[in-house]
Amino acid sequence: RMKVGVVVLAVIVGLVWYKIYYQIYNFDQTLGVTNEDMKKNRYDAELFELKQVNLNGLRFSYLTNILREETDKTETMLFLHGFPDDLYSFSSQMSFFHHKNFKVISLSLRGYEPSSQSPQQEYMLVDLVSDVLALVSELQLKRIHLVGHDWGAILAYLAQTKSPNTFLTVTTIAVPNPTHFISAFIRYPYQFINSWYIFFIQIPVVSENWLNLYNHSAIDKLWVDWYSTKTNKLPEIATQQLKSVKMTFSNNGVVENAVQYYRQFQNPFAGIFEPSDKVKEQKQLVEGKRPRPTLMITGLDDGCMDHSLYDTATKEEDFPNGFQVLKLEDAGHWAHIAQDQQVNEQILAWIKSKRSVPFL
């Protein structure tokens, strides 16, 4: 019996090993795109420039446009990317709003480059939100419209709670309001299957190695699985961005720091064991009201965060200045790439209709 048990265990371990490691072997979606191509195509140097800024003792990169004229009435679009992604994710939105005479900024989040990696491994939500608000202060940004995707969406929800008079409007993509995550997951338990990677990332060393193997092929697989539930092949526009992401993740320490977001996420047991002030603040931000008009965009084909979660996670009382949930066809986790023109027009329409909503 012991021998049979050992054999069964070996088979199970082998299958898990195959699922996690060898299933991603030769899964590279970006073989036809060279690093030289990407260096030329990451952004239009005639319209945009890459700059650096010191925030909270770390150095961050951000992409911004070159405006011919900037006045006190110029409005700013501030973009926050997610995982696995980088600051070039919003290239379509950056170009669109540049030509609408907005100032546009896309921030590289903490840890996504060696200079912004925290020596103390501080990647709690309060740390990440602090970076966003420090950027606003350091660059003296005014009349801001905040747009976040994935982790950037979570930060957008919390940043408006932390600083309710800073942003005119908020747009989030692919992630619902985190206040009711647990109840939404319980109502739609299949989301636990979609979120397997969150649990896997909790395993130190193993998950980092998985993300680094075979030219980051695990990242290819996440993009393919999440981009759309209807296909296992990325379109060219997504492949270009994926190549950029893999270049970003090839930089020293990015993988090891990016996974810290998941390991330091909101602790559901906060308050039981006399948590630190930072944990208390984070809990308050997660559970707080979202005071600014908030547009929430989700794709009907999202393989990461199912659109049904919005039905439970979105409650009118959490958004005193109003909200809208927009579910897009033929779009998945990266709706702003798959349906970029529709997303651009919807964000612009939201801004036009809500920019004058008074602060609470």
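Modeller: A residue is called buried when its relative accessible area is under 20%, exposed when it is over 50%, and partly exposed in between, as computed with a 1.4 Å probe on protein chains only. Helices (H or I, at least four residues) and strands (E, at least two) are DSSP runs, numbered from the N terminus. This is a predicted model, in which local features need pLDDT of at least 70 and side-chain atom pairs count only at pLDDT 80 or more, while totals for chains, interfaces and linings use all residues. Residues are numbered from 1 along each chain as its sequence is written, and side-chain values use heavy atoms, with hydrogens and water left out.

Biologist: Which residues of α3 are buried?

Modeller: In α3 the buried residues are S92, Q93, M94, F96, F97 and H98, so that the helix is mostly covered, with 6 of its 8 residues buried. The cover over these buried residues includes β1, β2, β3, β4, α15 (335–338) and α16, where contact means heavy atoms within 4.5 Å.

Biologist: How should I read the packing of two helices, and at what angle do the axes of α3 and α16 cross?

Modeller: Two packed helices are described by the angle between their axes and the distance between the axes. Axes are lines fitted to C-alpha atoms, for helices over the stretch in contact, and angles run from 0 to 180 degrees between N-to-C directions. Angles under 35 degrees count as roughly parallel, over 145 as roughly antiparallel, 65 to 115 as roughly perpendicular and the rest as oblique. Here the axes of α3 and helix α16 (residues 340–354) cross at roughly 50° and come within 10 Å, and the two helices are therefore oblique to each other. The crossing of α3 and α16 is right-handed; a crossing has that hand if the near helix is turned clockwise from the far one by less than a right angle, and is left-handed if anticlockwise.

Biologist: Which residues make the contact of α3 with α16?

Modeller: From α3 come S92, Q93, F96 and F97, and from α16 come D340, Q341, V343, N344, E345, I347, L348 and I351. Sorted by class, this contact of α3 with α16 has 6 nonpolar, 4 polar and 2 charged residues, where Ala, Val, Leu, Ile, Met, Phe, Trp, Tyr, Cys and Pro count as nonpolar, Asp, Glu, Lys and Arg as charged, and the others, Gly among them, as polar.

Biologist: How are α5 and α13 placed relative to each other?

Modeller: Helix α5 (residues 151–162) and helix α13 (residues 277–287) pack with their axes 8 Å apart and at an angle of about 105°, and are therefore roughly perpendicular to each other. Their contact is made by L158, T161 and K162 of α5 together with E281, L285 and V286 of α13, which divide into 3 nonpolar, 1 polar and 2 charged residues.

Biologist: How do I read a pair of aromatic rings, and how many aromatic pairs does a search of the whole structure find?

Modeller: A pair of aromatic rings is described by the distance of the centres and the angle of the planes. Rings of Phe, Tyr and Trp (its six-membered ring) pair if their centres lie within 6.5 Å, and planes under 30 degrees apart count as stacked, over 60 as edge-to-face and the rest as tilted. The search of the whole structure finds 24 aromatic pairs. One of them joins F83 and F249, edge-to-face at 5.9 Å centre to centre with 65° between the planes. F83 lies in the loop between β3 (76–80) and α3 (91–98) and F249 in helix α10 (residues 236–249), so this pair ties together parts that are 166 residues apart in sequence. The rings of Y112 and F249 have their centres 5.7 Å apart and their planes at 85°, so that pair too is edge-to-face. Y112 sits in the loop between β4 (103–107) and α4 (125–138), 137 residues from F249.

Biologist: Are F83 and F249 buried or exposed?

Modeller: Both F83 and F249 are buried, with F249 at 1% relative accessibility, and Y112 is buried as well, at 3%. F83 is also joined to P84 by a cis peptide bond, with omega about -15°.
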